[in-house]
Amino acid sequence: MLQSITCPNIGHDIVHHFGEGAAVWGQTITPSIAHLVQAQRELAIDYSRIRPGIVFETVSSVAMLPHVIDGSTFRAHVESTAFRRTVVRREAAVEAFIRCDAGAECTLKLWGRVASQRSDHLLATNDKDAATVPVIFTVAFWEISRAPDARMEQMIREASEKDRKIRELEGKAALSMCSQ
């Protein structure tokens, strides 16, 4: 993990030191970020759904075979069922969040927008048959940080699993009371 960075300044360079838990971030895809993204065969992607009747919901999926096009965009193939559930209009872009392992217990997170790469008539004819859809991801912001997120995600997963078991047991108890 990057421990310090040297920034040019008038007269002399300024060195910024990163402490524990500090993050490196940016808004354009640098060569090292492009290498991290393209080295992954699959990336975890979460689409956000915000529209009338839905306060906030995320749809998780997988982005496959990412290829960096330029300093702000890359192409990938995403699961068509999850993408179709999220997209309101075919031409509309969807807010998305991508995560991948950066090594040394660090995570690369990319925020941006995803839009279908296909034209409308091709999307309509081939959409039902295709398992994946080619998309363009436009990066708005990226960050590399320590991976306490993994621990937090594990805790959230465990809590939701316990909640699911409680709901299941409550349902069984209600059914058993109905039969009596």
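**Figure 1. Secondary structure of the protein chain.** Four helices and nine strands make up the secondary structure of the protein chain (DSSP runs numbered from the N terminus, with helices being H or I of at least four residues and strands E of at least two). Along the sequence, the elements follow the pattern β-β-β-α-β-β-β-α-β-β-α-β-α. The model is predicted, with local features needing pLDDT of at least 70 and side-chain atom pairs counting only at pLDDT 80 or more, while totals for chains, interfaces and linings use all residues. Residues are numbered from 1 along each chain as its sequence is written, and side-chain values use heavy atoms, leaving out hydrogens and water.

Figure 2. Of the 180 residues in the protein chain, 31% are buried (buried is under 20% relative accessible area, exposed over 50%, partly exposed in between, with a 1.4 Å probe and protein chains only). The accessible surface is about 11,700 Å², and carbon and sulfur atoms account for 57% of that surface (Shrake-Rupley method, 1.4 Å probe; for residues, only the protein chains shown count as cover). Among contacts between residues at least 6 apart in sequence, 59% join residues at least 24 apart (a contact being heavy atoms within 4.5 Å).

**Figure 3. The aromatic pair Phe74 and Phe137.** The structure holds five aromatic pairs (rings of Phe, Tyr and Trp, the last by its six-membered ring, with centres within 6.5 Å; planes under 30 degrees apart are stacked, over 60 edge-to-face, the rest tilted). One of them is the tilted pair of Phe74 and Phe137, at 5.1 Å centre to centre and 35° between the planes. Phe74 belongs to strand 6 (residues 73-79) and Phe137 to strand 9 (residues 132-146), so the pair ties together parts 63 residues apart in sequence. Phe74 is buried at 1% relative accessible area, and Phe137 is buried at 2%.

**Figure 4. The aromatic pair Trp111 and Phe141.** The ring centres of Trp111 and Phe141 are 5.5 Å apart with the planes at 50°, so this pair is tilted. Trp111 lies in strand 8 (residues 106-116) and Phe141 in strand 9, which links parts of the chain 30 residues apart. Trp111 is partly exposed at 32% relative accessibility, and Phe141 is partly exposed at 27%. Trp111 and Phe141 belong to one aromatic cluster that also includes Trp25 and Phe97.

**Figure 5. Cysteines Cys106 and Cys178.** Cys106 is buried, with 3% relative accessible area, whereas Cys178 is exposed at 66%. The structure holds zero disulfides (a disulfide being a pair of cysteine sulfur atoms within 2.5 Å).
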